[in-house]
Amino acid sequence: MLDIVATRQTSDIDPIETSEWRDALLSLVQTAGIERAAYVLEALLAQAAALGVRAGGQTRSAYLNTIAARNEPPFPGDLAVEERIASINRWNALAMVVRANQAHGELGGHIASYASAADLFEVGFNHFFRAPCEGFAGDLVYLQPHSAPGVYARAFLEGFLSEDDLAHFRQEITARERGLRGLSSYPHPWLMPDFWQFPTGSMGIGPINAIYQARFMRYLEHRSLAQPSGRKVWGLFGDGEMDEPESIAALTLAAREKLDNLVFVVNCNLQRLDGPVRGNGRIIDELETLYAGAGWNVIKLVWGGDWDALLARDTDGALARAFAHTVDGQFQTFAANDGAYNRAHFFNQNPELAALVADWSDEAIDRLRRGGHDIVKIHAAYHRAVRHRGQPTVILAQTKKGFGMGTAGQGKMTTHQQKKLDDEALLAFRDRFALPISDADCLALKFYKPAQDSAELRYLQSRRAVLGGHLPRRRTESPRLPVPATEQWARFALQADGKEMSSTMAIVRMLGGLLKDDQLGSRIVPIVADEARTFGMANLFRQIGIYSAQGQLYEPEDIGSVLYYREALDGQILEEGITEAGAISSWTAAGTSYSVNGLPMLPFYIYYSMFGFQRIGDLIWAAADQRARGFLIGATSGRTTLGGEGLQHQDGSSHLIASTVPNCRAYDPAYAYEVAVILEHGMKRMLDEQCDEFYYVTVTNENLAQPNLPGDSAREGILRGMHRVRTAMPRDELATGSEPDRSAAADSATAQSNVDNDEPPHVRLLAAGPMLNEALRAAERLHQDFGIAAEVWSVTSFSELARDGRACERDRVLGLNRPSAQSWLEQCLPGTVPVVAASDYVRAVPDQIRAWIKAPYRTLGTDGFGRSDTRARLRDFFEVSADWIALHALDLLAEQDSRHDAARQQLRDQLNTTRRTVVPWLS
Ligand SMILES: Cc1ncc(C[n+]2csc(CCOP(=O)(O)OP(=O)(O)O)c2C)c(N)n1
């Protein structure tokens, strides 16, 4: 077989021969025409591919190994010992799953995937995956999630997981009760914070996160925040996983940015969960075309060393031709059957092939390995991959799913979910891998660990010592970053003096201020997905530059402008283009840098809020799992506030989804000073106190007269979820900030009524974000037209209020005596004064706090499809405008006291309610 890379020529060593071939083509075109010439050329290319010749621009080669046997480097390890270690890991991984399932049939687990991937993992662990150690931050390894048992099995041999740990695979709660550590089903840093680094359980997230992680390493280097150190990002994934859009979404980015610090290993066992990945085609061919076309270096590792002798004998290419017309479904059937079957159905298909194995036994044919099961060849592929320069590399390794599970599982359609093996299958597995386990121990599924001074353990420990120690390993501590004084970057917001400004403008200005801070500035990572101009961030282009791995190779059209589009190698903004999945992956990389690189960074990803939790919620969930810290800024938010954009763009649900992410603290502020208080607090929590949480802040593009921060005492309410901005009596104009420093929170912190110094309100209006102005207008109207005293509260976070309410309730129910027995809601809203809450999100958002409001409670929201019109029209349509808030307030009052009937009817008449036949959430 030819070695594709080794034989590629860059200069013409025989011009006469070349010209003869050219003349032949010319004469063919002249005598037989263009179509005939095209036909002949295609036939030649097919023949070339079958011979292992890959021409420039050709993205598919023969179904053979890229690296010829003679070009493999000498294997530096002890092959026999490594094979034994791999066998032991296979056994312990299998035993772990089967035991868990025997104990509790409901627990689940996978055997077949790791069985196929074991050698791919092991070569990495024995030779390539470097752990963090003195002076080196370590490689990053994204591991296939359902192969986790194999990783636990190896950690057991290495001695950093115990037998008890293994016995509690997927029993994390039980283990804890017993004072032990359970093992999570898949890689979850949230659950095993000092072990797993990257959550890969949701297919597709590992690959895209890995690419952006490799890219972020380069970003840090190019910005001189990290030294180039040769760290690698490895991703070990399945071939079925490559169907996920996220898996392949960033392939061209990786090639474009020449990420030669990135190596993917795709375990092509040709099967996914239900059946073959490409029964009627060949996934390796398809992935080769895809990756090579995207600009990656592709290393095919299709056949193991046992095939080399056959291929060497096969001088006329019979094997390559046979491979070329065998589809994956058939290869799977070959994997599921024995040597006799393979002889009959593969080799006996023609005399040339039959002759190749004429002197081979069926057992020898059965033992013909695929490339991904050959440790020497895997080593050769990894060896070449880490030395390749200028491109990311993918290794496409063919394996058998359920390798070694024999008739019980190897290559079976159902093997993915197999977690039970009968006695015969267990003994056969033991024998297949020559494990020194007695029948009794085998049937009792005992974990096997060789003696501490055995050749296997000594070898394993020495290999890991060379590679820096245990892996996986996650760093939990990180240096602190000082948070600049708020006055420095948000004075304009804390003392806005009624200036008109949108909260988007405010946050961008704050970001600009933070970027100027000596210590924090360079650690901020602004991220946009082609919407910087939309959010008024174009000034940052020039100020801090747009990161580009190539610098700027052109003169930008707007070079003369002060805001010109400046790309730079050390640019700070990550301008990701139209990929929210890519942008959030960058955000995750930056947000986990404190752990991954020991270098805290502070990402701000600013995006159309509709394209956040709704579109890439699972990537956010994975970021939460890996304890990312940073700010997600949902801009142009609110279903009625983003006037003209209509149904697709108007976000009315992100806060609902955000509330389901446990370590996401979600805020929907109205005023610029609220934004400042939230940012200040978030930075302190994440950068100083090292809390593994992140902040979602929605901002809008509606200009509002911005009041001053009423006083420091307002901070608590802003952070806990609500603070009063208007008292029942209008003489106390807290909303404008012109009154003395006294906030409702200060009143209520004493658990006393917040009306101690005021007239009691008749009604309370709660409003979040852009609805606050509507509520203030409603209060005004209720007062002016109907003599009703309405208190107005800015609800910065319904979800924080709900969490607090839930926690206090639980404390009470469980009899836990904590000092604050009352929730913030109960402190703020004592008594039974009716409450109306308005949100620019679906009603379920304000409904979150219903349980802790003792008064009649009405929620208004924007349930239904958005549509385009002015804000005023939209708010009227969704029945959340000031008038509607007032109507609902009167309705609640009328329910309590019929003296309000007339006022309610008056407002109904004004709003022409009987003619409102359209139900907003149904239309
Ligand atoms: C987004 C997502 N969808 C579905 C699953 C369920 N699932 C787990 S593994 C798997 C099949 C994986 O096949 P492949 O990538 O070929 O890996 P193999 O197990 O064959 O090595 C599926 C469908 C998942 N984990 N994530």
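Let's start with β11 and β12: strand β11, residues 602-608, and strand β12, residues 631-635, pair in the parallel sense over five bridges. By pairing I mean that DSSP finds at least two bridges between two strands. Strands here are DSSP E runs of at least two residues, helices are H or I runs of at least four, and both are numbered from the N terminus. Across this pair, F604 stands opposite F631 in β12.

A word on the source: this is a predicted model, where local features need pLDDT of at least 70, side-chain atom pairs count only at pLDDT 80 or more, and totals for chains, interfaces and linings use all residues. Residues are numbered from 1 along each chain as its sequence is written.

Zooming out, the order β10-β7-β11-β12-β14-β13 describes an open sheet of six strands with parallel pairing. At its edges stand β10 (574-575) and β13 (664-667), each with a single partner strand, so one side of each has no neighbour in the sheet.

Now, friends, on to helix α12, residues 283-294.

Which residues of α12 are buried? They are I283, I284, D285, L287, E288, Y291, A292 and A294. Buried means 20 or more other C-beta atoms, placed from the backbone, within 10 Å of the residue's own. Just after α12, G295 takes a positive phi of about 105°. Thanks, everyone!

Terms used. A residue is buried if 20 or more other C-beta atoms lie within 10 Å of its own, exposed if 12 or fewer, and partly exposed in between; C-beta atoms are placed from the backbone.
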